[in-house]
Amino acid sequence: MRRHFWKWPIPTYLFLGGLGGGIFCLIAVLSLCVYPGAESVPMAMAWPGFLGICCLGFGCLMLVADLGQPMVFYRAFVKSTSVLAWGARLLTVCMIFGLLWFVSYIPWDWFLPVASFFVPFRVLNIAIAGIAGTCIMLYTGIFLSTLKSHAFWATPALPVLFTVSALSTACAAISLSAGWWPAPQGIMTEAAMLNMIAAEVVHEMVHVVDIILVICEIIVLLVMVLSFLGAGNKTANKVAHKWVHGSYALAFWGGMICMGLGIPLLLYLGLPHTVGSSVIAPILVLLGGLLLRFMVVNSDERAPLPGEDLYFKKLPPVDAEFIHKWTYGENLF
């Protein structure tokens, strides 16, 4: 088929799924491994967790909308051999246990009985959500790499690239939202001070991690694309040429490499503790991650099937007179 089969909901779904999964992966690592027992750190991550739930939920809506038959969306869960089915199940598991973890931090007085019930299960819930989130990040790349007819997708580098990008965008989202809620308001109580300190600790941690991830993403992206320039597969070579010096060159060099990765890296390193590194750089990283998914999904060129070129050559041109001569309801006989 000589057109883009997947429209904008699929790259949006891949971006939001990777972002939500990366957020819960990082929350789990920070809560259980880096700062175990420090209750103020998970509390500072409650709002990023809520954003992760929203990303996963909206991503599921994008997937269902693109199926063409939304009323039979359940088939995406019951087809045991489908990679798409495993992704849908992982999204559901991550959302459910992530929501149960988030509920335990809701501070409203009238909701305290429900929140208190889930407090003993915080570690279990965030552990399951973190494992599912990690699998979701890997799945977003594996989902495309299993399509062997698309040479640009069918490479082990794509799951690595999408995983690194998902973690990087998750760091950006966490740095923008950590400590917003349920931070105590009003006078500076001990709880408010602990929450402020925890938020600063989280910001410092994710900034350092994001610097490493951005560098890794630049390396993986350049190695993947530039290696296809000399690849023997003509289809992948054609896509790589389009990215490097073709119709996608401006988006690749200007959008992804420069705006989405290079400038954030310079802001992280050159302007620490400023608006540039704490606000502008994370926003650019998020936009770069979204652009990456759109470019990869739209690079769906594949080798033609046997006889396919001959078939299309025999088709009449779209402006042929006999195609437009007849109008609906007209009887020529």
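This note walks through a few features of the structure above, one point at a time.

1. **Before you start.** This is a predicted model, in which local features need pLDDT of at least 70 and side-chain atom pairs count only at pLDDT 80 or more, while totals for chains, interfaces and linings use all residues. Residues are numbered from 1 along each chain as its sequence is written, and side-chain values use heavy atoms, leaving out hydrogens and water.

2. **The overall picture.** The protein chain has 14 helices and zero strands. Helices here are DSSP runs of H or I with at least four residues, strands are runs of E with at least two, and both are numbered from the N terminus. Of the 333 residues in the protein chain, 47% are buried (under 20% relative accessible area with a 1.4 Å probe, protein chains only; exposed is over 50% and partly exposed lies in between). Among contacts (heavy atoms within 4.5 Å) with a separation of 6 or more, 75% join residues 24 or more positions apart.

3. How do H1 and H8 lie relative to each other? The axes of H1 (residues 9-34) and H8 (residues 157-177) come within 7 Å and cross at roughly 70 degrees; axes are lines fitted to C-alpha atoms, for helices over the stretch in contact, with angles from 0 to 180 degrees between N-to-C directions. The two helices are therefore roughly perpendicular, a term for angles of 65 to 115 degrees.

4. **What meets at the crossing.** On the H1 side, the contact residues include Phe15, Gly18, Leu19 and Gly22. Their partners in H8 include Phe162, Ala166, Thr169 and Ala170. The residues of this contact divide into 13 nonpolar, three polar and no charged (nonpolar: Ala, Val, Leu, Ile, Met, Phe, Trp, Tyr, Cys and Pro; charged: Asp, Glu, Lys and Arg; polar: the others, Gly among them).

5. **A closer look at Thr169.** Leaving aside neighbours within four places in sequence, Thr169 touches Phe15, Leu19, Val285, Leu286 and Gly289.

6. Why does the length of H5 (residues 83-103) agree with expectation? At 1.5 Å a residue, the 21 residues of H5 should span 30 Å, and its end C-alpha atoms are 30 Å apart. The expected span is 1.5 Å times one less than the number of residues. H10 (residues 234-245) agrees as well: its 12 residues should span 16 Å, and its end C-alpha atoms are 16 Å apart. Buried residues of H10 include Trp243 and Lys242, and those of H5 include Trp101 and Phe102.

How values were computed: Parallel < 35°, antiparallel > 145°, perpendicular 65-115°, else oblique.
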